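Thanks for making time, everyone. Please have the model up on your screens while I talk.

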Amino acid sequence: MNNDSQTYTADWIFPVSQAPIAKGYITIENQKVSALGFQADLPEAIPVEAHAVCISPGFVNGHCHLEQSFSDRVPVERYDDTGFVNWLLAVTKISQQTQKPAEKMKRIAYGIQQLLATGTTAVNDIAFDETSLVCLHRAGLKGVVSLEYFHPASQPINVKATTQRYQQCRQALESLNAQNNRTPDLALGLSPHSLYNVSAEAWQAVLHDLDQRGFCPHLIHTHLSEFEAETQYIRGVKNTSIHALHQAILGKSFDLKTTADSPVQLLKNAGLLKTAADWGIPVVGAHALTVSANDCVQLSQNNLSIVSCPRSNLNLHNKCFNWQQWDICGQQQGQSKQEPNGIALGTDGLLSTETLDMRDEARQAMANFGWSAKQALEALTIRGTSALSLRSVTGNLSIGQPADFVLWDWVQDNEVLQPVHSHSYKDNPEAMLFERNLQVCRTLINGNLAYAKKDKMKAKPETKI
């Protein structure tokens, strides 16, 4: 081991790529994991940088809106389509009133610090411009910035503004990476908001225009099957609450030229999944609250990943993704019952949920889906990297992987306690990670300190309604 290496020990290490290690150590060199094993095998001459109760990989937030990092959640007035549309209108109004670059950067920086302070090292941020790229790069976070766009009209199609924004973001990302000659840890994706806010024709037109310009998004992200009015609109039903949404924001309503029985069926029938597959672009759908059993089969067969946001879904719709239906479908497709196939977790934004803490999301998923602590940890790590195509970038602790990990310790009254309770988790060690009196002490990305417990949280930006 060279002089630049660092070694950390813990009562438990959760590599995720292998079984938990009791009384383990991890060593990093050149920003990557160089050794992993039992403390008993660690030479006494090797200095230990720090000891923790446990060490885990950094978490992956599969769906987040960092620009929405305001101080207060906007509550939904009632759990139906009208209530959700009114919530969308309120969020749109807030966003339109707070578009100054300095305001956006302040909100994004606050959200980023909350991610780091709760153990997240990679994120899929749904953004409108390059501001998020700049802030994430500055903080050292990894992940994807998915450029969001809206185009509900089936005709005429005008994609120039969207492709120009994508090109600007691509140039910004290349410039950021060139500044310090670092390996790119951020990728640029594309996020057609939803099939009710981006017609199938506009979706295809943007992809083909980007292809003509020589651009290929890292992934395609969309809000999918989030509420019942979306399905009705996709079926061609007139005068839905989505028509009212478009009228309120855009001054006119739209009807789809291409319809289908469900949003998932429209993705397939319009060739959107085939286009993505032909180009090797993964597709990620957020929420999926109203998918049918047949939809689940189509999603599974087409390798479309789902990102579930249980807390936000409960806050806005009083329901969660139907994990049991998805699990049955997965078993029928020959997948293991013990593996949360294709399901990652995300927090959504702070206008719809209380925190950006992925452990809070996992606890809710464990309660609603019946996941074990091991399944929840996988959803926070390797399922997230699989959905976002970041497997080689982060998500597990194996030799040669980037050193993205979190040191955890027991806390009480904001003081770190000695890790005296670790032995009680022998039969279910992953459960330790979800105890509420366990807190992040350090977050490392590429072996570099990205957050330490002594850091003070930034003041919350105010919500202006």
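**Pocket and helix packing**

Start with the lining of the largest pocket: 16 of its residues are nonpolar, 13 are polar and six are charged. Keep in mind that this is a predicted model.

How much space lies in the largest pocket? About 960 Å³. There are 35 lining residues, and the closest to the pocket centre are Thr92, Ser95, Glu148, Phe150 and His193. Find those five on your screen.

Next, the elements behind that lining. Those that give two or more residues are α1 (81–97), β6 (120–127), β7 (142–149), α4 (160–179) and α7 (241–250). Which of them gives the most? That is α1, with seven residues.

Now to helix packing. Two packed helices are described by the angle between their axes and the distance between the axes. I have two pairs to show.

Pair one is α2, residues 101–117, with α3, residues 131–139. Their axes come within 10 Å and cross at roughly 40°. That angle makes α2 oblique to α3. The crossing is right-handed.

Who meets whom? From α2 come Lys104, Met105, Ile108 and Ile112. From α3 come Thr131, Ser132, Val134, Cys135, Leu136, Arg138 and Ala139. By class, this contact of α2 with α3 holds seven nonpolar residues, two polar and two charged.

Pair two is α11, residues 310–317, with α13, residues 358–369. Here the axes are 8 Å apart, and the packing angle is about 70°. Oblique or perpendicular? Angles of 65 to 115 degrees count as roughly perpendicular, so α11 and α13 are roughly perpendicular to each other.

On the α11 side, the contact residues are Pro310, Arg311, Ser312 and Leu314. They meet Asp360, Glu361, Gln364, Ala365, Asn368 and Phe369 in α13. The contact of α11 with α13 divides into four nonpolar, three polar and three charged residues.

Last stop: Ala431. Where does Ala431 lie? In the loop between β14 (415–416) and β15 (438–445). Leaving out residues up to four places away in sequence, Ala431 touches Ala373 and Tyr425.

Thr92 is one of the residues closest to the pocket centre. Ala431 and Thr92 are 339 residues apart in sequence. In space, C-alpha to C-alpha, Ala431 and Thr92 are 39 Å apart.

To recap the helices: α2 and α3 are oblique, while α11 and α13 are roughly perpendicular. And the pocket: about 960 Å³, with α1 giving the most to its lining. Over to you.

Technical notes: Residues are numbered from 1 along each chain as its sequence is written. This is a predicted model: local features need pLDDT of at least 70, side-chain atom pairs count only at pLDDT 80 or more; totals for chains, interfaces and linings use all residues. Side-chain values use heavy atoms; hydrogens and water are left out. Axes are lines fitted to C-alpha atoms, for helices over the stretch in contact, and angles run from 0 to 180 degrees between N-to-C directions. Helices (H or I, at least four residues) and strands (E, at least two) are DSSP runs, numbered from the N terminus. Angles under 35 degrees count as roughly parallel, over 145 as roughly antiparallel, 65 to 115 as roughly perpendicular and the rest as oblique. A crossing is left-handed if the near helix is turned anticlockwise from the far one by less than a right angle, and right-handed if clockwise. Contact means heavy atoms within 4.5 Å. Ala, Val, Leu, Ile, Met, Phe, Trp, Tyr, Cys and Pro count as nonpolar, Asp, Glu, Lys and Arg as charged, and the others, Gly among them, as polar. On a 1 Å grid over the protein atoms alone, a cavity is a set of points where a 1.4 Å probe fits but cannot get out, and a pocket is an open set with protein on both sides within 12 Å along at least five of seven lines; lining residues have an atom within 4 Å of a point. Grid points are joined across faces, edges and corners, and a volume is the space filled by probe spheres set on the points.
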